[in-house]
Structure formats: structure tokens, C-alpha cells
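Please examine the model shown below before reading on.

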Amino acid sequence: MRIKLLAVVALLAATVSTNAVAQAPAFDTKAKQIYLVDGETGTVLFARGEDEPVPPASLAKLMAMEVVFEALDKGELSPETTYEVSEHAWRTGGAPSGTSTMFAAIKSRIRVADLIQGAIVQLANDACIILAEGMNGSEAAFAERMTARARELGMPVAVFNNATGLPHPANKVTMRELVTLARHLREAHPDFYRLYSRAEFEWNKIRQRNRNPLIAANVGVDGLATGFAEGFGFSLAASMQRGDRRVYLAMGGLESDKERTDESRRVLDWAMTAFEKRRIFADGEAIGEASVYGGATSRVPLVAAGPIDVLLPVNNPERLTARIVYKWPLTAPVAAGQEVGVVKLWNGERLLREVPVRTGSAVEIGTLTSRALDALQELLFFWL
């Protein structure tokens, strides 16, 4: 595929920093890996090591629950379906395991609705294994399904070998992928997503509080989960709503539970207070043009496919660069409104947003003479 890059279609005066992302230079975090995104515009507010594969730990349960939610939506099972607690589920994730558990009794049968709440509120390993075995016959088969589903959701790196995130050398995920998953869970499964904000859950006469400390803090976080892995540290995936703003955060590599809580609160508060929304292109605004081969005209305007906004720091003005990338040249006929490429908004070396662009008008097939001239022009281009 030949790609033509319109190097600079617009230089936009805006308030951004000279750092690699749109962030105030004085701000930093102790997290070794972090990906922080504005929910509405998709602007990357902070990123470090976002594509580095790391152990998912209990954050793997987010992927397990997505598979369960999807199965419920498709009618593969219902909230009233019951599954038996196997010895493997009991020993590996139940009371004898010493891990997060809902204390499911061996050989008992438990409703899917209760297992989901145990997996979400208590991060219960036994609940995840019971669901995995009930749905796919074995935890290993369910884990393969988790990985396949991750690919469908645009998570190219993630690999899951169990339903719980318990230590396995091949388990991996990235912070970028965790944000992708968090956004999908909230947008595709809003009714189930609400369970992530539940303060507590009682099972087997044992009442346990939500293991996500940000839920009880009442700072606007309404999900998702925490994790810990030896050699990697403490991690978290969270979403916060404050006013009409929502942000998604995934972070890891923190040294303690307290540091994770303190840093996540500080990062989220900064995300909500240090930025303002700016409209860069209006809906339908012409932002560049593309070459057309064999058309009645040689160029076609390109327009924004909807309004394009970004979140930029309140202070510290800098410049944004907007570039259009498309397959060169377009071939006539070209329909109006045809999606032909993307406009990329950059701050230094960091890509902030990537938004589709469409043709602003139609281009019909040109005359024989004009097509011959276009062919000659293309031949000269490649010869040069």
C-alpha cells in the first residue's frame, strides 16, 4: 500500500506542553506504566510504557467478565443458570487457596448472577473458575476464548492462560489494551458495568467490601479493578466521571497498595482539573485535499467526519500539528462522503488523536485525455 503523507496541513495555536504527551511539564507519576485517556475526545492525557506487556494479575478478570457478559447478551446462558463448584475451583480459588474468594462451597451450585458479583466486587478467583468451567468445560478452554475475544476487541498483545490472572508466565496485557477493554465494558455492557461500583457483596453469610479502594473514597470512580503481581507490582484500571467529563486510566508498576491508591487519586484529579476542551475542526470543515487519479478533477477536498476536539492543558501554550494520511492516489469515481484516510493530531512526537476524514464532494471519471495525463504523471512520479 502506498501512503502519501501531507506533512503539515495545519499548524494550530493551542495550549500543550513540550513533553511527549499533552501534559503539564511539572506533572509526573510513580507508575512505571500508565495510559490515561479522555473519554469523550479520546485525547491521550498521559502515557508511559503503555504498550509494554505486563502480567495482568486480577485485571484479567475484566476480560473474563467481558466474555461472560457477551455470552449473556447472546443468550448462551442466563443470570439464573447455575454451575457446580468443582474441586479445582474450590482448591485453586476457594477457601483453601488463600486468595481472593467468595468462599463457594465445594459441590454446591451457584447462580451466574451471584458468581458475576463475586468476581466483580470481591475479585473472587473461585467465581471466575466456576464460570469458566461451566461455560467452556475447562478453565483452559475458557482462557483461549478470552484471548480470542481480546483480539476481536482490538487487543493484539493480550494473552490469557487462566480466568483469574493468577500467576502464569505467559499471561500478558498492556495498559493501552486495559483502557480499550475498560471503555468497551462500560459502553457495550452498561447494566453489568454498574456492578463495579457496588460497595459490598455478601455470600455464604460472609460480607466483603469492594476491593477497589477508589469506590469507597467517593471521588467519582465507578469502576473497575485492582491487581498485584510479584516482580511487577500493584496495578489498577479505573474510570472516573466528574461533571460531564469522563476519563479512563490504567496504571501499573507501583510499589504498594497505598502508593497505588494515592497515585491513582492524584492522577485522576489532575486529569479532571488541568485540561480544557478545544475544538480543532468543525463537522464538515475542509481540512485538506487528496489527489484523484483518472477523475474529472485532479483533487478532492477532505473534511472532518464529525467535529474534532482535543483536551489540552489550561496553561503552557504550544503548537499542535495536524497531518492527513491516505492511500495515494484515490481512483475515480470517488463518492462524496467516502472515508479515505485519517487526520492525525500530534504534539511533538506523541499522537494525541486519529480521526477519519471523508471526501467533501464526488469526483466522476474523467475524459480519456485527462486519464492519460494522470497516468503519465504517476509514471513520472515513480521514475523520479
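How many nonpolar, polar and charged residues are there in the lining of the second largest pocket? That lining divides into 6 nonpolar, 3 polar and 6 charged residues, where Ala, Val, Leu, Ile, Met, Phe, Trp, Tyr, Cys and Pro count as nonpolar, Asp, Glu, Lys and Arg as charged, and the others, Gly among them, as polar. The model is a predicted one, in which local features need pLDDT of at least 70 and side-chain atom pairs count only at pLDDT 80 or more, whereas totals for chains, interfaces and linings use all residues. Residues are numbered from 1 along each chain as its sequence is written, and side-chain values use heavy atoms, with hydrogens and water left out.

The second largest pocket has a volume of about 290 Å³. A pocket here is an open set of points on a 1 Å grid over the protein atoms alone, with protein on both sides within 12 Å along at least five of seven lines; a cavity is a set where a 1.4 Å probe fits but cannot get out, and lining residues have an atom within 4 Å of a point. Grid points are joined across faces, edges and corners, and a volume is the space filled by probe spheres set on the points. Of the 15 lining residues of this pocket, Tyr-35, Gly-42, Val-44, Arg-176 and Leu-352 lie nearest its centre. Strand E18 (350–359) provides the largest share, 5 residues. Helices (H or I, at least four residues) and strands (E, at least two) are DSSP runs, numbered from the N terminus.

The largest pocket holds about 550 Å³ of space. Its lining comprises 26 residues, and Ala-57, Ser-58, Gly-227, Phe-228 and Ala-229 are those nearest the centre. Strand E8 (221–229) and helix H9 (257–273) each supply at least two lining residues, and the largest share, 4 residues, is from E8. By class, this lining has 10 nonpolar, 11 polar and 5 charged residues.

The count of cavities of 30 Å³ or more comes to 1. Its lining consists of Asp-38, Glu-40, Thr-41, Asp-244, Arg-245, Arg-246, Lys-277 and Leu-311, of which 6 are charged, 1 is polar and 1 is nonpolar.

Finally, the axes of helix H1 (residues 60–73) and helix H3 (residues 112–121) come within 10 Å and cross at roughly 155 degrees. Axes are lines fitted to C-alpha atoms, for helices over the stretch in contact (heavy atoms within 4.5 Å), and angles run from 0 to 180 degrees between N-to-C directions. H1 and H3 are therefore roughly antiparallel (over 145 degrees). In their contact, Lys-61, Met-65, Val-68, Phe-69 and Leu-72 of H1 meet Val-112, Ile-116, Ala-119 and Ile-120 of H3. These residues divide into 8 nonpolar, no polar and 1 charged.

Notes. Angles under 35 degrees count as roughly parallel, over 145 as roughly antiparallel, 65 to 115 as roughly perpendicular and the rest as oblique.
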